[in-house]
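Welcome to this short briefing. Please have the model open as you read, and follow along by topic.

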Amino acid sequence: MAYVMSRFPKLTETFILYEILAQESAGVQIHVFPLLREHEEILHPEAQRLVDAAHYQPFMSLRILGSQLRMLARQPGAYLGTLGSLLWANRKSRNHFVGALGIFPKTVHNAREMERLGIEHVHAHFATHPAAAGWIIHRLTGISYSFTAHGSDIHVDRTGLAPKVADAAFVAAISEFNRQVIVDECGPWAAKIVEVLHSGVDTDHFRPQERPRHADGRLRIICIGTMHEVKGQAYLLEACASLARDGVDFTCRLVGDGPDEPMLRATAVRLGITEQVVFEGRRTRDEIAALLAETDVLVTPSVPASDGKREGIPVVLMEAMASGVAVVASRLTGIPELVRDGETGLLAEPRDVVGLAGALRRLHDDPALRSRLAAAGRSLVQRDFDIRRNAAALVERVERAVAR
């Protein structure tokens, strides 16, 4: 089986890495074909072996040019028809059109390489360029393919989505919300192709830990994610300032980095909460597990970004819930399918600072509520969002596709 993704390895997309590792544990031989190589300062140790064996390709080389000539000589109709259909399907979006044209030569080369390796199925993560690559490979070789649709890959620009869905063996939507978005875009016929297959986390690695006993009554808050508008950290800082004005004792750790970090640091200064807010920077999976063991509440204050980006279901919510940590999240996209308000966590409307602060105040004042939500959250993640179960479900769909 081949995996295609935009960039690899990417620290903020560990769900792909651990899905691959779960597939390998189930006996599937995986080859990784990233469209781009990501040069990360921090690399999960488990990723190194896959990085060393990954099939990285430039956009053009003599070998890639040779693959175009050989494929054109062998299957001129398929080659030209695939290229023409690809560009036509993406003609209304400059980003999709340029991206499709850019990945086409290396994907043709990868198609020949996959034939040589005996690849039986291609699975792509994200409905944009990776799914386009799977579609190209399928059209040129007949190898079945599928893709997972996550969040902004279908919420911002759905240009060219219908042909990719139509030719896929199946499409995995990480939530029922995403499934309905795809069906609404493509038409009722897509309902037979698109199904909900959740992302997952390792519920053995992320598990409840013995938490330190604190007599100070302080609420320990954490927010983990890239510092970008779509993550909504600025609204969390405003909520924290409200808590401080009301005399609530708390600390708030912000884990991650990104383009909004300078603005967020300035916001903490403006709000006068620099003593309560700690910027932790990037952290590895093991370090995040350790931080969650010291945390009372994880917050994901996601918002629709100005460019249309929206989160799917943040994996960090699953990690926190699996770790026995109470969560507060935004009522947005597929998030309520995981965070069920008052049952497995608390929800606030996007950008609702008052609602966010109110949820945090409730969890500060009611430790029993924190415990009840945390236990229910852990149970739900074990049942529906466990990486091994969900990887096995994906393998079962792939085996059906290969058999057909």
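How many bridges join strand E11 to E12, and do these strands run parallel or antiparallel? Three bridges join strand E11 (residues 326-330) to E12, and the two run parallel. Please keep in mind that this is a predicted model.

**The sheet and its helix**
- Six strands make up an open sheet with parallel pairing, in the order E9-E8-E7-E10-E11-E12.
- At the edges sit strand E9 (277-281) and strand E12 (346-348), each of which pairs on one side only.
- On average, neighbouring strands of this sheet are turned by 20 degrees against each other, direction ignored.

**Salt bridges**
- The structure holds 23 salt bridges.
- One of them joins the side chains of Arg285 and Asp202 (3.7 Å, N to O).
- Arg285 belongs to helix H12 (residues 285-292) and Asp202 to the loop between strand E6 (194-196) and E7, so this pair ties together parts that are 83 residues apart in sequence.
- Both Arg285 and Asp202 are buried.
- Arg253 and Glu280 also meet through their side chains in a salt bridge (3.1 Å, N to O).
- Since Arg253 lies in strand E8 and Glu280 in strand E9, the pair ties together parts that are 27 residues apart in sequence.
- Arg253 is partly exposed, at 25% relative accessible area, whereas Glu280 is buried, at 16%.
- A network of salt bridges links Glu195, Glu396, Arg397 and Arg400.

Key: Residues are numbered from 1 along each chain as its sequence is written. This is a predicted model: local features need pLDDT of at least 70, side-chain atom pairs count only at pLDDT 80 or more; totals for chains, interfaces and linings use all residues. Side-chain values use heavy atoms; hydrogens and water are left out. Two strands pair if DSSP finds at least two bridges between them. Helices (H or I, at least four residues) and strands (E, at least two) are DSSP runs, numbered from the N terminus. Axes are lines fitted to C-alpha atoms, for helices over the stretch in contact, and angles run from 0 to 180 degrees between N-to-C directions. A salt bridge is a side-chain nitrogen of Lys or Arg within 4 Å of a carboxyl oxygen of Asp or Glu. Buried means under 20% relative accessible area, exposed over 50%, partly exposed in between (1.4 Å probe, protein chains only).
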